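Me: I've just opened this one and would like a quick tour. Can we go through it in questions?

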Amino acid sequence: MTVVSAPGKVYLFGEHAVVYGEPAVPCAIERRATVTAEPRDDDHVRVEAQDLTLDGFAVEYANEPDERSAVDVPKPLLDAATGYVDAAVEQARDAADAPAAGFDISVSSDIPLGAGLGSSAAVVVAGIEAATQALGEPLDRRELADRAYQAEYDVQDGQASRADTFCSTMGGAVRVEGDNCSRITAPALPFVVGFDGGAGDTGELVAGVRTLRDRYEFAADTVEAIGDIVREGESLLTDADPDADPSAGLIGELGELMDINHGLLSALGVSSRSLDTMVWAAREAGADGAKLTGAGGGGCIVALDATDETATSLDYTPDCEQAFRAELATEGVRVEEA
Ligand code: MEV
């Protein structure tokens, strides 16, 4: 039995614009998806999923999705939970040259599903790593990140950047610009996350930005302005001492850029009333900056606040279902048990 975990992430800057070749800086956070893989004697895959904000359920199916046993779970939820696992298993079979490999897989996660914290990327990264390790064919990190991206790309019909999967594989803060991905240095930033209990439809939100960008030159300029914010923020991060506590000045400057980034995302139509309410609750509580994270439409915001004020205020905000502090996860994918 092989047990592997991989972290979720927040976007410090750059979601949506990254789809059009602008840079983005996601940061891995200490909220993890854990996947257990045990090879089977046949070519079946049995998936047991827990804590994916679904009720716990188990489903066993053969290679053909149509042959899946009926389970008492709505199809979209079933697809969400199993689609990424399917894609991870396919990548592992291909990498290990074992097309008929079967597995008992179990997935658990403390990352809210589809809420902008990279839950699906974490499941895919941990799933490929667990399955290839279980077959005795471990991958190097770059290949793992590439295959995880390919898996997300397939499940999301081509609407995926490398940001989530690269960040979950490598951990820490990363810079993504098209196919170029690298880790960058960053001090331990005081992230606070607010979650409205919902999720946006990434495909629809990405398509909405594309339509605006195609129709209006100023919307295209807005996407480019997000790229400028990312470049500015990145140089602040890389100039800072990664081993020292971040200074109030640095957090203030990053926070200001986050506020502007949120305003531009809002202008592109990807915020929502609950996200805006949480952003304002954070700012009024004294956060240095706050923005939505991920595709938007609902889900999570991320704020910077070294004190407990933002989390406390979000706890009392009716639109916020859950608020928590999120540490930067310096380690990416990790084998927990071989
Ligand atoms: C979704 O988490 C982030 C987007 O930029 C899409 C992507 O990068 O794949 C909206």
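Me: Which residues are around the ligand?

Reply: First, this is a predicted model, where local features need pLDDT of at least 70, side-chain atom pairs count only at pLDDT 80 or more, and totals for chains, interfaces and linings use all residues. Residues are numbered from 1 along each chain as its sequence is written, and side-chain values use heavy atoms, leaving out hydrogens and water. Counting a residue as near if one of its heavy atoms lies within 4 Å, the ones around the ligand are Tyr11, Glu15, His16, Val18, Val19, Ala160, Ser161, Asp164, Val206, Gly294 and Ala295.

Me: How far is a polar side-chain atom of serine 161 from an oxygen atom of the ligand?

Reply: Let's look at a few oxygen distances. Tyrosine 11 has a polar side-chain atom 3.5 Å from a ligand oxygen. Histidine 16 uses a backbone N or O atom, 2.9 Å from a ligand oxygen. For the polar side-chain atom of serine 161, the distance is 2.6 Å.

Me: Why does the largest pocket lie between domain 1 and domain 2?

Reply: Domain bounds here come from an automatic or database domain assignment. The pocket lies between the two because its lining takes residues from both domain 1 (2–184) and domain 2 (190–327).

Note on methods:
Polar contact = N/O pair within 3.5 Å; in protein donor to acceptor, adjacent residues only side chain to side chain.
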